[in-house]
Amino acid sequence: AAIAFLRRSRTLSHACAGGRALCTRDAARSAPSEPEGPAPTPPPVGYTDIRSGTWLERVLPAGAGPYLRLARVDRPVGTYLLLWPCVWSTALAASPGGLPDARLLALFAVGSFAMRGAGCTINDMWDRDIDRQVERTRSRPLASGELSMAQASAFLCAQLLTGLGVLVQLPSTTVLVGLAAMPLVVAYPLAKRVTIWPQRV
């Protein structure tokens, strides 16, 4: 009888031990697993094509920032597209073995910078109401209210006067061609409203 009692006690102990192990395993399975690696980065709130805090804004007075962004000074690709044909033609016109005219190159550089900025300013002045409704453009200086229309108009006048000052330094034929091209400069921003290929203008 004593031997039978000991055997039953041992069997019961094993059963309890097995039950505890089973409960522990089930609890481990039901416990939330720890994430592996760093937590995922939340998606950005929104996308904008206007970058603030560039090195130019850090160097120049604080009030210059909105005007720099209005003229897209931080993205000079448009200026390059205007300047390279001028540089190329000036180099082709140089005497064999000679260097291009430095004065002409300087005039073309200033004119390309001023007129590209003027085009961006006109674009934002006309599109300010539309830009406010688009995530990508609502941070632009005019759409966000950072600049007023009066300030943008004065800035545009300064840009156009700079371009005119460059133009009158060139031969009379060049002046006539430059003036004849002005309707195209003005029409480009408007063409975006009626076609997906405004560059054809």
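Is Arg69 buried or exposed? Arg69 is buried, with a relative accessible area of 7%, where buried means under 20% relative accessible area, exposed over 50% and partly exposed in between (1.4 Å probe, protein chains only).

A quick word on the ground rules. This is a predicted model, so local features need pLDDT of at least 70 and side-chain atom pairs count only at pLDDT 80 or more, while totals for chains, interfaces and linings use all residues. Residues are numbered from 1 along each chain as its sequence is written, and side-chain values use heavy atoms, with hydrogens and water left out.

**Salt bridges**

Side chains of opposite charge can pair when their charged atoms come close. The structure holds six salt bridges, each being a side-chain nitrogen of Lys or Arg within 4 Å of a carboxyl oxygen of Asp or Glu. Here are some of them:

| Pair | Closest N and O atoms |
|---|---|
| Glu146 and Arg69 | 2.4 Å |
| Arg72 and Asp124 | 2.8 Å |
| Asp131 and Arg140 | 3.5 Å |

Take the pair of Glu146 and Arg69. The two come from distant parts of the chain, 77 residues apart: Arg69 is in helix α3 (residues 65–70), and Glu146 is in the loop between α5 and α6 (149–167). Helices here are DSSP runs (H or I, at least four residues), numbered from the N terminus.

Next up, Arg72 forms its salt bridge with Asp124. Arg72 sits in the loop between α3 and α4 and Asp124 in helix α5, so this pair ties together parts that are 52 residues apart in sequence. Both Arg72 and Asp124 are buried.

As for Asp131 and Arg140, Asp131 is buried at 6% relative accessibility, and Arg140 is buried with a relative accessible area of 8%. Through salt bridges that share partners, Arg72, Asp124, Asp131 and Arg140 join into one network.

**How α4 meets α5**

The axes of helix α4 (residues 77–93) and helix α5 (residues 102–131) come within 8 Å and cross at roughly 155°. Those axes are lines fitted to C-alpha atoms over the stretch in contact, with angles running from 0 to 180 degrees between N-to-C directions. The two helices are therefore roughly antiparallel, a label for angles over 145 degrees. Their crossing is right-handed, meaning that the near helix is turned clockwise from the far one by less than a right angle.

Contact means heavy atoms within 4.5 Å. On the α4 side the contacting residues include Leu82, Leu83 and Cys86, and on the α5 side they include Phe108, Phe113 and Arg116. By class, this contact has ten nonpolar, four polar and one charged residues.

Methods:
Angles under 35 degrees count as roughly parallel, over 145 as roughly antiparallel, 65 to 115 as roughly perpendicular and the rest as oblique. Ala, Val, Leu, Ile, Met, Phe, Trp, Tyr, Cys and Pro count as nonpolar, Asp, Glu, Lys and Arg as charged, and the others, Gly among them, as polar.
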